[in-house]
Amino acid sequence: MYYRQLIQAPKKIVQNGKIQFGSFFGVSDTVDIRGVKAPFAGVPTSTFFSNFRIKSRIAFAFAVDNYIGLAEFFDDKAFGLAEVIFWDKETEKKYAYHTFMGPSRRFIPINTQESGCTSYAPRYIKINWSRKRHKLSLSFTVIGDKFRPAAKAKYIARFGYDEKSEMLSVTPSPTMQRCSATWIVPLNLEGGLSTAKHRHYIKEIPQEKGLGLMLLNRTYLKIRTSSEIMIGLVTIGDKNITFAFSNNTQSPIDEDNYNDNMISVNGKITAMPPVLITHPFGISKKWIAQDTEGMVDLTFNPISVNSRTLNIVLMRNAYTTIYGTFEGVLVSDDGEKIVLKNCPGIVKKSHIRL
């Protein structure tokens, strides 16, 4: 059976110009990949140019009570994008809100000890964390219109007590001269979401328990990049299960040793093998995710599809976010077989051109 050992995260991802590749428990003091020597074909370039090619993304998936959703920030250096999308699992209705942020030195922080990112107006979206307070949270307040209600949410998780419940993956992107670093944090959430015609009508937010997953990625992005990511969040009996599998055009050749795939069972993380994600009948039909090690055999059945294309300055971002359910089997590194039925999840497929 496939096994990829998680070792202690280094203090720095890049040390003396060299990248510390690998899969780690815990996380470095910063998710900072600057300082790589000659990252583009071994040709020395200016620090400004190489740093400008580093793009960042933070995603916070949540499944609490009747709602499942995704809050996300994208940092292009010249501008930022923030979006919240969520679905009512009972009615299967989707609600999506996005906002554009003007130039800033950095939208998404690199500090993993205490920091956060915020969009203020017209849609307030905030993800922040503090190890000193053992707290990680997502909150947002979005204005409604004639097509969508106003919504307010607050989700809080306690984290930082056990560094082995976090994972840092540093992979070639796609060559060993460049890297992609992803900080992964499975979460037990408490909080809720309320909607109304106007945000001033929202007086209380329910306090329910659920699951979440935060992903913070920083990478040397190519001019054209395509990616697909699957996220599942489910409680089966006394087990809280969170998983994430991805494919992208920047994946390294040696995916057996370097990938971001993982599953968490009650906070215990298993680094998973490379997974092939396909949708042979179209993105609105059944998806398939399988590996060659017998540890991942899943189908994803879409329920609600949201597609959007953004053209901003020199960037084009076309993406589709899908809510659906997973069926199939996962196997952790200790041989435990997890059978999924009607497991709620989210799939995101995106194409970015810089």
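Author: Let us begin with a definition: a residue is buried under 20% relative accessible area, exposed over 50%, and partly exposed in between, with a 1.4 Å probe and protein chains only. The model is predicted, so local features need pLDDT of at least 70, side-chain atom pairs count only at pLDDT 80 or more, and totals for chains, interfaces and linings use all residues. Residues are numbered from 1 along each chain as its sequence is written, and side-chain values use heavy atoms, with hydrogens and water left out.

Reader: Why is Arg308 called partly exposed?

Author: The relative accessibility of Arg308 is 23%, so Arg308 counts as partly exposed.

Reader: What makes the contact of Glu83 and Arg308 a salt bridge?

Author: A salt bridge is a side-chain nitrogen of Lys or Arg within 4 Å of a carboxyl oxygen of Asp or Glu. The side chains of Glu83 and Arg308 meet at 3.7 Å, N to O, and therefore form a salt bridge. Because Glu83 lies in strand β7 (residues 80–88) and Arg308 in strand β22 (residues 296–312), the pair ties together parts that are 225 residues apart in sequence. Strands (E, at least two residues) and helices (H or I, at least four) are DSSP runs, numbered from the N terminus.

Reader: Is Glu83 buried or exposed?

Author: Glu83 is buried, because its relative accessibility is 7%.

Reader: How do you know that Glu72 and Arg57 form a salt bridge?

Author: Their side chains meet at 3.1 Å, N to O. Glu72 belongs to strand β6 (residues 67–75) and Arg57 to strand β5 (residues 54–64), so this pair joins parts 15 residues apart in sequence. Glu72 is buried, with a relative accessible area of 7%. Arg57, Glu72 and Lys348 are linked in a network of salt bridges, and the structure holds twelve salt bridges.

Reader: What makes Asp333 and Lys268 a salt bridge, and where do they lie?

Author: The distance between their side chains is 3.1 Å, N to O. Asp333 is in the loop between β23 (315–331) and β24 (337–353), and Lys268 is in strand β19 (residues 268–271), so the pair ties together parts 65 residues apart in sequence. Asp333 is partly exposed at 24% relative accessibility, and Lys268 is partly exposed at 44%.

Reader: What is meant by the largest pocket, and which residues are closest to its centre?

Author: On a 1 Å grid over the protein atoms alone, a pocket is an open set of points where a 1.4 Å probe fits, with protein on both sides within 12 Å along at least five of seven lines; lining residues have an atom within 4 Å of a point. The largest pocket holds about 410 Å³ of space, a volume being the space filled by probe spheres set on the points, which are joined across faces, edges and corners. Of its 24 lining residues, the closest to the centre are Arg158, Pro186, Leu187, Asn188 and Leu189. Strand β14 gives the largest share of this lining, six residues.

Reader: How is the lining of the largest pocket divided by class?

Author: This lining has nine nonpolar, ten polar and five charged residues. Ala, Val, Leu, Ile, Met, Phe, Trp, Tyr, Cys and Pro count as nonpolar, Asp, Glu, Lys and Arg as charged, and the others, Gly among them, as polar.
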